[in-house]
Amino acid sequence: MKFFIDTANIEEIKAANDLKILDGVTTNPTLISKTGKPFMEVVEEILTEVPDKPVSLEVASTDCEGMIKEAETLAKLGKNVVIKIPLTIDGLKAVKHLEYNGIKTNVTLIFSPTQALLAMKAGASYISPFVGRLDDISHDGMELISQIKTIIDNYGFKSQIIVASIRHPMHVLEAALIGADIATIPYKVVEQLAKHPLTDIGLEKFLKDWESVPEKPF
Ligand code: G3P
């Protein structure tokens with residue numbers, strides 16, 4: 001299972017990279033705007049820190065021609081740039097064109113299995129179903145991931161599932177149990193994954209007991 005980090009914050013990306021478990025980065029306009037920095041500055045920082053793993057950058061146009069133009073510009077910034085395209089009719093046409101021309105795409109804002117099926121048929125390298133936003137409106141986000149996984153297993157589509165809109169460690173656990181290819185995780189949740197109160201209590205006791213061990217070598 002691959003771990004992407006879902007942020008445009010360079011400090012968080014560096015911290016995740018330091019853990020040596022980072023397999024890629026996903027951004028979106030909201031995450032870029034949170035940095036308060038110019039778009040190109042943010043992108044250059046990210047591509048310098050992560051030059052050889054997939055970095056998803058989202059287009060801002062909504063028409064097919066505009067998306068393709070933006071995608072071609074963004075793709076020139078790095079060989080690892082993946083173009084994030086929203087799941088719309090124009091978006092699907094753009095995905096088909098871009099993938100045919102060797103530019104990798106990540107179809108975003110997927111909320112139903114049939115949307116995912118369309119993105120896979122268009123040839124998307126990655127598809128991003130949003131689990132947290134479905135949970136927010138009382139739909140089972142993880143059920144969507146199971147359904148998409150079944151469709152992939154039925155037909156052998158090459159698209160990789162990126163479980164997106166992750167809010168807590170249970171989303172990551174369930175994604176792993178279902179067998180999703182990738183989880184794109186906010187940095188806060190990466191930290192939560194490592195935490196367990198029994199680990200803290202256990203470590204405290206070991207350190208205390210270590211004090212009474214005689215003739216320690218270190
Ligand atoms: O990057 C897309 C997705 O992960 C957004 O998450 O928390 O805004 O629903 P969220």
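Reader: How many salt bridges does the structure hold?
Author: The structure holds 6 salt bridges. Keep in mind that this is a predicted model.

Reader: Why would side chains pair like that?
Author: Opposite charges can pair when the charged atoms of the side chains come close.

Reader: Ok, which residue does Lys158 form a salt bridge with?
Author: Glu99. Their closest N and O atoms are 3.9 Å apart.

Reader: Is Glu99 buried or exposed?
Author: Glu99 is buried, at 17% relative accessible area. Lys158 is exposed, at 56%.

Reader: What about Glu45? What does it pair with?
Author: Glu45 forms a salt bridge with Lys37, with 2.9 Å between the closest N and O atoms. Glu45 is partly exposed at 24% relative accessibility. Lys37 is partly exposed too, at 31%.

Reader: Switching topic. At what angle do helix 8 and helix 9 pack?
Author: About 20 degrees, with their axes 10 Å apart. An angle under 35 degrees counts as roughly parallel, so helix 8 and helix 9 are roughly parallel to each other.

Reader: Which residues make the contact?
Author: Helix 8 brings Met142, Ile145, Ser146 and Lys149. Helix 9 brings His171, Glu174, Ala175 and Ile178.

Reader: How many of those are nonpolar, polar and charged?
Author: The contact of helix 8 with helix 9 has 4 nonpolar, 2 polar and 2 charged residues.

Reader: And which hand is the crossing?
Author: Helix 8 passes helix 9 in a right-handed crossing.

How values were computed:
Residues are numbered from 1 along each chain as its sequence is written. This is a predicted model: local features need pLDDT of at least 70, side-chain atom pairs count only at pLDDT 80 or more; totals for chains, interfaces and linings use all residues. Side-chain values use heavy atoms; hydrogens and water are left out. Axes are lines fitted to C-alpha atoms, for helices over the stretch in contact, and angles run from 0 to 180 degrees between N-to-C directions. Helices (H or I, at least four residues) and strands (E, at least two) are DSSP runs, numbered from the N terminus. Angles under 35 degrees count as roughly parallel, over 145 as roughly antiparallel, 65 to 115 as roughly perpendicular and the rest as oblique. A crossing is left-handed if the near helix is turned anticlockwise from the far one by less than a right angle, and right-handed if clockwise. Contact means heavy atoms within 4.5 Å. Ala, Val, Leu, Ile, Met, Phe, Trp, Tyr, Cys and Pro count as nonpolar, Asp, Glu, Lys and Arg as charged, and the others, Gly among them, as polar. A salt bridge is a side-chain nitrogen of Lys or Arg within 4 Å of a carboxyl oxygen of Asp or Glu. Buried means under 20% relative accessible area, exposed over 50%, partly exposed in between (1.4 Å probe, protein chains only).
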